[in-house]
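Thanks for coming. I will go through one structure this morning, starting with the overall picture and then moving to the sheet, the cores and a few aromatic rings.

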Amino acid sequence: TTGTSLPIYKSFSHEMTFSKPTLLSFFGLVISLYSVTCAATRILIVGDSNAEGIGQSLESLCLGSTVHNIGMGGTTAEQWADYTSDIVSGCGDAWDVVYISVGGNDLLGSGCTMSASDLADKIELAVKNIVTNIAPGASNYLLTGYCMPYRSEEGDEGCVEPSDFTALGDAMSAIDNKNNIFESDSSSVTVIDSLSACGGSSSAFSDELYFLDAIHLNSKGYCKIFTQPDVQMALSCGEISIDCDSPGFDIYGLDQNCDVGTHEENNHEESTDEPSSDNEPNSDNEAVNGAGILGSYITVNIMLIGISTLTLVFHHVLGTEQVHEERV
């Protein structure tokens with residue numbers, strides 16, 4: 001029997017040789033690794049101020065993601081049920097996951113008198129429109145709901161106690177129980193109730209640590225939402241370990257959003273939130289923000305190693321060194 005082996009690398013006086021089948025397997029491994037590292041989850045964020053507030057900083061919490069954000073403070077589920085695809089015209093045209101945050105302003109606008117059933121109906125119509133018209137074609141559409149606020153807003157007589165906000169969690173549960181109405185052969189809707197993610201419950205307000213004001217999240221709050229294991233899985237994030245409660249924790253990109261597309265009814269209420277101090281860089285948070293940068297750095301280096309290795313192997317395979325034949 002005659003076999004062929006190729007000299008791959010000479011170390012001092014020792015010559016290493018590998019069979020052609022081994023080389024082919026090695027080529028496949030390197031190419032597969034290259035393909036995996038090149039793939040990035042494309043995420044589109046739509047909805048109200050809860051969506052707008054995170055900007056593109058989700059890239060720091062979801063390794064391997066590319067984020068576009070068209071969230072608009074003050075918008076309601078009812079408005080998102082009416083928007084067209086023009087609204088996302090400045091945010092690319094293809095996404096793997098669409099994150100949806102709607103319903104909060106509908107409940108607040110009713111003075112927290114809206115029933116969970118009515119709220120679920122409004123959210124459902126918005127989700128249907130997003131899935132079929134605004135941003136069709138994604139493999140997954142994710143709703144996380146909202147953290148329980150850390151207090152009632154001043155001057156709001158209707159939304160006073162934690163129990164006044166529970167319609168948000170109940171509405172999410174109702175949608176989750178019948179989310180098969182959104183299912184298709186190529187996409188699905190995932191509902192993850194985050195009412196307790198910031199330390200609150202149906203009978204207790206959340207921890208102030210996670211909020212800019214009564215209802216809007218800061219960096220730590222968004223971290224608590226988006227580092228939940230189920231949320232990370234739904235977003236197809238790379239593995240990451242972050243302590244949201246560590247002193248000085250911060251993420252950047254909270255003010256980075258797409259240009260709002262044109263829409264005749266795009267007269268949403270502008271957010272009146274004060275600029276977040278969480279957007280200011282400091283030495284304590286550079287390591288956290290560097291998580292996304294580190295992931296990109298590792299990916300690029302793996303790609304370069306793969307390309308260099310392929311170049312070396314092909315250099316030998318194409319005959320730059322003499323082919324040795326061994327007879328068995």
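The protein has ten helices and eight strands. Keep in mind that this is a predicted model. Of its 328 residues, 45% are buried. Among contacts between residues at least 6 apart in sequence, 77% join residues at least 24 apart.

Five strands make up an open sheet, and their order is 4-3-5-6-7, with parallel pairing. Strand 4, residues 65-69, and strand 7 are at the edges; each has a single partner strand, so one side of each lacks a neighbour in the sheet. From one strand to the next, the twist averages 25°.

As background, strands of a sheet pair through backbone hydrogen bonds, either parallel or antiparallel. Here is how some of the pairs look in this model. Strand 3 and strand 5 run parallel and are joined by five bridges. Ile-45 has Tyr-99 of strand 5 as its bridge partner. Strand 5 and strand 6 also run parallel, joined by four bridges. There, Ile-100 stands opposite Leu-143 of strand 6. Strand 6 in turn pairs with strand 7 over four bridges, in the parallel sense, and the bridge partner of Leu-143 in strand 7 is Val-191.

Now stay with strand 5. How many of its five residues are buried? Five of the five are, so to speak, under cover, and the strand is mostly covered. In a regular strand, side chains alternate between the two faces of the sheet. In strand 5, Val-97, Tyr-99 and Ser-101 point one way, while Val-98 and Ile-100 point the other way, and all are buried.

That brings me to the cores. The largest nonpolar core has 42 residues, and the members that touch the most others are Leu-44, Val-46, Trp-80, Val-98, Ile-100 and Ile-123. At least two residues of this core come from each of these elements: strand 3 (41-47), helix 4 (77-80), strand 5 (97-101), helix 6 (116-134), strand 6 (140-143), helix 7 (166-177) and strand 7 (188-191). Which element gives the most to this core? Helix 6 does, with eight residues.

Take Ile-100 as an example. Setting aside neighbours within four places in sequence, Ile-100 is in contact with Val-46, Val-127, Ile-130, Tyr-141, Leu-142, Leu-143 and Thr-144. There is also a second, separate core, of 31 residues, and Tyr-99, Ala-197, Phe-211 and Ala-234 are among them.

Next, helix 6 itself. Helix 6 lies across strand 3, strand 5, strand 6 and strand 7, and runs at about 150° to strand 6. With 19 residues at 1.5 Å a residue, helix 6 should span 27 Å; the C-alpha atoms at its ends are 25 Å apart, which agrees. The buried residues of helix 6 include Leu-119, Ala-120, Ile-123, Glu-124, Val-127 and Ile-130. On helices in general, there are 3.6 residues a turn in an α-helix, so residues three or four places apart point the same way.

Helix 8 is the other helix to look at. Seven of its eight residues are buried, so helix 8 is largely enclosed by the rest of the structure. Those buried residues are Ser-219, Lys-220, Gly-221, Tyr-222, Cys-223, Ile-225 and Phe-226. Their cover includes helix 2 (49-52), helix 3 (58-61), strand 5 and helix 9 (229-234).

Last, the aromatic rings. A search of the whole structure gives four aromatic pairs. In one of them, the ring centres of Tyr-99 and Phe-226 are 5.1 Å apart and the planes are at 65°, so this pair is edge-to-face. The pair links distant parts of the chain, with Tyr-99 in strand 5 and Phe-226 in helix 8, 127 residues apart. Tyr-99 and Phe-226 are both buried.

Another pair is Phe-165 with Phe-205, also edge-to-face, at 6.3 Å centre to centre and 70° between the planes. Phe-165 is in the loop between strand 6 and helix 7, and Phe-205 is in the loop between strand 7 and helix 8, 40 residues apart. Are these two residues buried or partly exposed? Phe-165 counts as buried, at 3% relative accessibility, whereas Phe-205 is partly exposed, with a relative accessible area of 24%.

That is what I have for today.

Technical notes
Residues numbered from 1 in each chain as written. Predicted model: local features only at pLDDT ≥ 70, side-chain atom pairs only at ≥ 80, totals over all residues. Heavy atoms only, no water. Core = buried A, V, L, I, M, F, W, Y, C linked by side-chain atoms within 4.5 Å. Buried < 20%, exposed > 50% of the residue type's maximum accessible area, 1.4 Å probe, protein only. Contact = heavy atoms within 4.5 Å. Pairing = 2+ DSSP bridges. Axes fitted to C-alpha atoms, helices over the stretch in contact; angles between N-to-C directions. Phe/Tyr/Trp six-rings, centres within 6.5 Å; stacked < 30°, edge-to-face > 60°. Expected span 1.5 Å × (residues − 1).
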